[in-house]
2 protein chains.
Amino acid sequence: MLRRVARHLAPTSCHLNPRVVEAEYAVRGLIPSRADEIKADLAAGRGAYPFDSLVYCNIGNPQSLGQMPLTFHRQVMALVDAPFMLEDAEIVARLPADAVARARGYLAAMGTGTGAYTESFGYSFARAAVAAYINEQDRGVGPAATVENICLTDGASMGVKVFLQLLVGGASDAVMIPMPQYPLYSAQIALLGGVKAPYYLCETEGWGMPTSGLAAAYERCVAESGATPRVLVCINPGNPTGNVLERCVMEDAVRFCHERGMLLLADEVYQENVYDPLRQFVSFREVVLGMPAPYCTETMLVSLHSTSKGVIGECGRRGGYFCMTNLPRAMREQVVKLCSINLCANVNGQVMTALMCSPPREGDVSYALYRREYDGIFSDLKERAALLARELGAVRGLSCQPVEGAMYAFPRITLPAGYGVRNEELNAKEGRQLAVDTRWALELLESSGVVVVPGSGFGQEPGTLHFRTTILPPLAQMERVLRAIREFQNGIFERHA
Amino acid sequence: MLRRVARHLAPTSCHLNPRVVEAEYAVRGLIPSRADEIKADLAAGRGAYPFDSLVYCNIGNPQSLGQMPLTFHRQVMALVDAPFMLEDAEIVARLPADAVARARGYLAAMGTGTGAYTESFGYSFARAAVAAYINEQDRGVGPAATVENICLTDGASMGVKVFLQLLVGGASDAVMIPMPQYPLYSAQIALLGGVKAPYYLCETEGWGMPTSGLAAAYERCVAESGATPRVLVCINPGNPTGNVLERCVMEDAVRFCHERGMLLLADEVYQENVYDPLRQFVSFREVVLGMPAPYCTETMLVSLHSTSKGVIGECGRRGGYFCMTNLPRAMREQVVKLCSINLCANVNGQVMTALMCSPPREGDVSYALYRREYDGIFSDLKERAALLARELGAVRGLSCQPVEGAMYAFPRITLPAGYGVRNEELNAKEGRQLAVDTRWALELLESSGVVVVPGSGFGQEPGTLHFRTTILPPLAQMERVLRAIREFQNGIFERHA
């Protein structure tokens, strides 16, 4: 029998799913890993670095860079987790009446409190808050969103996973993703063994979405891989590009999906992060429902949102939701089952999602503080978005499109030819295959402590180089980031020009 | 071009991943769905049911059935989410000093608070608390667990998913699971396109794990499917069976995995739930590390735990962890990447996990209250475990093994032949294919409002029938459950005998 056993052992001692091995996730990949090593060195007094701290610009994690949470939201969150505080008149007297009332209302609606599993789609009271938010945002176009179509999730990532898993069974199924894209998409497609069908955003037009190229991208995928695209992913506002889509472009995308029976997966987690006064966020749901039949009644749409971005910036909560529009019954049933296997989203995330969708209103005790906090955070983000794009664009060898929205700049890097040659030499010496922009980000990190993500982690037109940096560091740190990048680029041009 | 597009459209208008369609999850399947419909009917005053409320015994969700949260844990949780309360001397004065100090300590360790993404494996302070807990539990056997080997997760489910995804790439990879099993395993294997290799627990020996049958189960899998088993899943204490494994059995399982280069996935979420005074929970980590080389140095082990069960019962938090022992570096690197793609576990779950692993100690201000709450919950669980097994075993047509641990009874149902005949007639009439025990659970629900899960959802020896019910309802409800089952069974025997 031992012989038989041996025959079935994997050839190496460590068998691994090849799809997992193939998946990549640059936002927490090589550069951030090296940053964590350096951070540990600095903490332990090891190594000799020309800086004594790091600036993490690799990930949209606002509160890790000093952004404060919204007070009302945290008051309610604390009270629903500690209902005994609501029984203590002296504690209640120290907190605003509307936060206390909100917490009591949520607890009554939950019945079972924050320590129990909820329905698979999440507590109804929280889904009702989401539905009301959506209906207000979409200005009453089309049939109202209802709790049956809304599912609370652990961040928006869970929604992405559910729908990619639902529609991608293997190498015969493709997903159309923007290039550059948020690498969660490419990673999940790799994990499912599906095919990436990229459509390129147009950098010279502010990273706009050229819908005229969608059909060609579809056909190219079919011709090259034999796979059928099942999903069109639109990230609006764009990550990493900061582009905000216009309604006419979105209508093109809707028609494209409808004609091909594709699901439109609308990643709208940056919907509150629009800084350009000439741009306005319009949801894909509003666009779909505002179009004539059959588009408004048949286009399959899933809209994603999250508590991690916007102004609330509650990444640690892993809250979010998806809203389904025009999904066939058979598909909805499978969605319910997949969510059931996950049991439910964490309840603190559910509560934070409800709060995000129903903040204090004018006339409420907490409104003035909420308004002040919200406006302060928003104007900081807006100021830094403009500053970053302007200053990066002025650096030698960099160009940067306007940051209309989201939380990132994605500048293009032009380097002297000698830098690429040197990278090849170093790769040969080190026995690895770093892309030129990965080398660039690594050397920026090691010389300055600034952590950015190379463009190759998001996808870019072949032959171009980029990096992504967040707009999140406070102004003083932002100046350090800009100075570091400026000096780094100048140094490269001096050495290689 | 349109012709080409049409050619690539799915044959039906709703293309779905067949692996998703195939997956099943009975704990939230047909019976609980029907229960939710009835609940909505009752709330709306619709329908005519011979009861006015439901008792949910389908899922291990203690706080939904009135179990109270541990006060200290909730105090700390509230304070870390609302650090401004720590600045308010009057609020601080109303709370125990150790909860205040703990919250301050956690916040200082976090640096960035509960609103930020953490490292992919979770905050170090929380992982350190887990490591200390593990090292104490395992009585210092072998090298100490360290933070590098511990990852905080959204419930234990996430750990299951990570390791099955890592090792199951498709139809050539199998997972050995106990029968009966917790259906998360079968569902995840189906989603990954892998092969289930069941090994049967022995009902007449209190649902013991007959390790002598493991090799035959392995060989049967290889012979029948051609797939190689990569993982052995052990659930200890057992879900749904309540069995607590003995060390000698565990050692057999370790040797079995080591010989075949398989990963041992130890689902130990019920480790605190051992009621039988003659049984003691021993972790697989302690067993592995206590064995001679090469077992202690080479057996690949992943141990799972959760905040959802035990005495803490914080299901809504979706907290948990996995601990890796003897995993090769190549495997660990992929684990890190998979966790990076997930960003991080929710921070409230991380905090609750830290609290579960480091509750108040003797001498702390909160110790007396904690002890009283803990002991009260535990003795309630213990009392109901004994009561349920005894009373169910006395019902006509039922037999029930002792509930040594976990939170469930899994009684065997014997029915008059006429019941099965009638099920077939009803299935033909209704155009569906309910298993006999599903029909039984459905009729129990519709006649009494008691929600249990049929044994077919967990897997059982062909020809046998079972159901799973939790030990969680408070005594008054438990009496209603027992009465309902007794009358239901008596009715069946009267009608069909």
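Which residue's side chain meets that of A:Glu286 in a salt bridge? The partner is A:Arg139, with 2.8 Å from N to O. By salt bridge I mean a side-chain nitrogen of Lys or Arg within 4 Å of a carboxyl oxygen of Asp or Glu.

Before going on, a word on the source: this is a predicted model, in which local features need pLDDT of at least 70 and side-chain atom pairs count only at pLDDT 80 or more, while totals for chains, interfaces and linings use all residues. Residues are numbered from 1 along each chain as its sequence is written, chains are lettered from A and ligands numbered from 1 in the order in which they are written, and side-chain values use heavy atoms, with hydrogens and water left out.

Let us return to the pair. Helices (H or I, at least four residues) and strands (E, at least two) are DSSP runs, numbered from the N terminus. A:Glu286 is buried, at 6% relative accessibility, but A:Arg139 is partly exposed, at 48%. Here buried means under 20% relative accessible area, exposed means over 50%, and partly exposed lies in between (1.4 Å probe, protein chains only). A:Arg139 also has a phi near 55°, a positive value in a residue other than glycine.

Leaving aside residues up to four places away in sequence, A:Asp138 touches A:Ser283, A:Arg285 and A:Glu286; contact means heavy atoms within 4.5 Å.

The side chains of A:Glu246 and A:Arg279 form a salt bridge of 3.2 Å, N to O. A:Glu246 is in the loop between β5 (228–235) and α11 (247–260), and A:Arg279 is in the loop between β6 (263–267) and α12, so this pair ties together parts 33 residues apart in sequence. A:Glu246 is partly exposed at 43%, and A:Arg279 is partly exposed at 23%. The loop between β5 and α11 of chain A also holds A:Pro237, which is joined to A:Asn236 by a cis peptide bond with omega of about -10°.

What is the peptide bond from B:Asn236 to B:Pro237, cis or trans? That bond is cis, with omega near -10°, and B:Pro237 lies in the loop between β5 and α11 of chain B. B:Thr241 is placed in the loop between β5 (228–235) and α11 (247–260) of chain B. B:Thr241 is buried, with a relative accessible area of 4%, and its contacts, not counting residues up to four places away in sequence, include B:Trp207 and B:Phe410.

Elsewhere in chain B, the side chains of B:Glu430 and B:Arg439 meet in a salt bridge of 3.0 Å, N to O. B:Glu430 is partly exposed at 34%, while B:Arg439 is buried at 3%.

Finally, the interface. How many residues of chain A are in contact with chain B? The number is 92, and they meet 92 residues of chain B. The area buried between the chains is about 7,900 Å², of which carbon and sulfur atoms give 57%; this is the accessible area (1.4 Å probe) that two parts lose on being put together, summed over both. A:Arg28, A:Tyr117 and A:Ile341 supply 10% of the area that chain A buries against chain B, more than any other three residues.

There are 6 salt bridges between chain A and chain B. One of the bridges pairs B:Arg94 with A:Asp88, the closest N and O atoms being 2.9 Å apart. Over all chains, the structure holds 52 salt bridges.

Over residues 99–485, chain A is 45% helix and 16% strand, with the end C-alpha atoms 44 Å apart.
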